[in-house]
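Trainee: Could you take me closely through one part of this model, the salt bridges and the side chains that take part in them? I would like the cut-offs stated as you go.

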Amino acid sequence: MHVESFVREPLAISRRELLRRSGMGFGALALAPLLGGSPVSAGEVQNPLALKVAHFPAKAKHVIHLFMNGGPSHVDTFDPKPELTRRHGQELPVNLPTERKTGAALASPYKFAKYGQSGIEVSELFKHVAESIDEIAVIRSMHGDSPNHEPSLLLMNCGEARLIRPSMGSWLTYGLGSENQNLPGFIAMCPGGYPIQESQNWQSGFLPGAHQGTYIDTKHTDINRLIEHIDNPLVERDDQRRQLDLLGQLNQLHGQERGADPRLESRIQSFELAYRMQMEAADAFDVSREPQHILDMYGPGTQARQILIARRLVERGVRFVQLWHGEGQPWDNHDDIEVNHRKLAGQCDQAIGALLKDLKARGMLEETLVIWGGEFGRTPTVELPKKGSNAGKINGRDHNHHGFTMWMAGGGVRGGTVHGATDEFGFQAVENRVHVHDLHATILHLLGFDHERFTYRYAGRDFRLTDVHGRVVKELIA
């Protein structure tokens, strides 16, 4: 059956519609050559993930965001506080609002040691990561706006704590496109289900839907469960291609009557991408194709597997890969922090350390920006018992947005450095403070964007990832 049989007689149009189609069309024809492009016929769908040019040259081309969901404790990982140990069990002279009432100082149960030529101190929890500390810029002066998970997750991922805004990965695929048209430009991997705020963490917001993150449940290893509907057992590939071509032509006709519609364009692109993924996704997600020494280097477990998958994805041109450490908030240790943080770090430390070494050995670290952290940190004081929070135990920490740690490596980052500091107890950032907006501005700069010029016009306003805030932290840039 040919698509021509579906063509309807054109409907009568108003004078306003005639002027819109002809007048605006002639303007577009004249503008296209000036912009270095070719004229586009009405209803023709453009690929939103086609490669684009940033504002200025940059080393970073890809991002791997290691999201420690729930808020890891900075004073137990990358921000040692000897004074906190000396004051253990004492009331601290710090009075800052927290989500719940906290008590006396709680010393870290973990030992810190100096690593690398830089001599940066790192907890025993991340001894494998510490082996690459000279590639890492540790930011010890992060701060946010809220002690609650929901707004802090959205602020960290989307630059806005309450309203619907595009996520960082969506902004980057909008600005740069993707090097591989057979895989999504933005992939979010979270084993066992969605985190809090679910898909809002990788939403495209008001950007075209093609820029939304593609969710993968890495709990599964079978490709048919890892990616739903990756195979159609009832239709051969050639028949699928013909069906898709027919559907595309019908959508083109539909679009010609309605002008440019981002929702329709996104739908067409999603069909095309789903078909192309059948050809390449099975290979990208199959870590069994790696040599045994690489598998041994990353280690066992779900976290190790998805971190290795991240390397395979950026190797194949995926722009932004976000890895979540489990569903819910696994790092949200209101009690038993010594046991729980050790367990959680044990699930990912070896693999993160392997990722940094593997990227460097392959010559990929210079163009891949690796980011580690959660939505906030934790208090240096012990959380007091409260029903439903810590089961009556007094051995955990509450949420702390006043000061926490994140780190970055590769992608033009100045490795072997520590930026900023919290107070002597680790309660709040006091030196060279870095807000989440500043972090986003710096990440965009490393990928070639001036965050103040990188905007999208929506509802009569130019929006950006950093809203009306943010500054580039130049000390973090090599």
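Mentor: The side chains of Asp283 and Arg289 meet in a salt bridge at 2.7 Å, N to O, where a salt bridge is a side-chain nitrogen of Lys or Arg within 4 Å of a carboxyl oxygen of Asp or Glu. This is a predicted model, in which local features need pLDDT of at least 70 and side-chain atom pairs count only at pLDDT 80 or more, while totals for chains, interfaces and linings use all residues. Residues are numbered from 1 along each chain as its sequence is written, and side-chain values use heavy atoms, with hydrogens and water left out.

Asp283 counts as partly exposed because its relative accessibility is 25%, given that buried means under 20% relative accessible area, exposed over 50%, and partly exposed in between (1.4 Å probe, protein chains only).

A second salt bridge joins the side chains of Arg362 and Glu290 at 3.9 Å, N to O. This pair links distant parts of the chain, 72 residues apart, with Arg362 in the loop between α11 (337–361) and β9 (368–373) and Glu290 in the loop between α8 (262–284) and α9 (292–298); helices (H or I, at least four residues) and strands (E, at least two) are DSSP runs, numbered from the N terminus. Arg362, at 34% relative accessibility, counts as partly exposed, whereas Glu290, at 8%, counts as buried. Salt bridges that share partners join Asp283, Asp286, Arg289, Glu290, Arg311, Arg312, Glu315, Arg316, Asp358 and Arg362 into one network.

The side chains of Arg461 and Asp467 also meet in a salt bridge, at 2.7 Å, N to O, and Arg461 is partly exposed at 31% relative accessibility. By this rule the count comes to 27 salt bridges.
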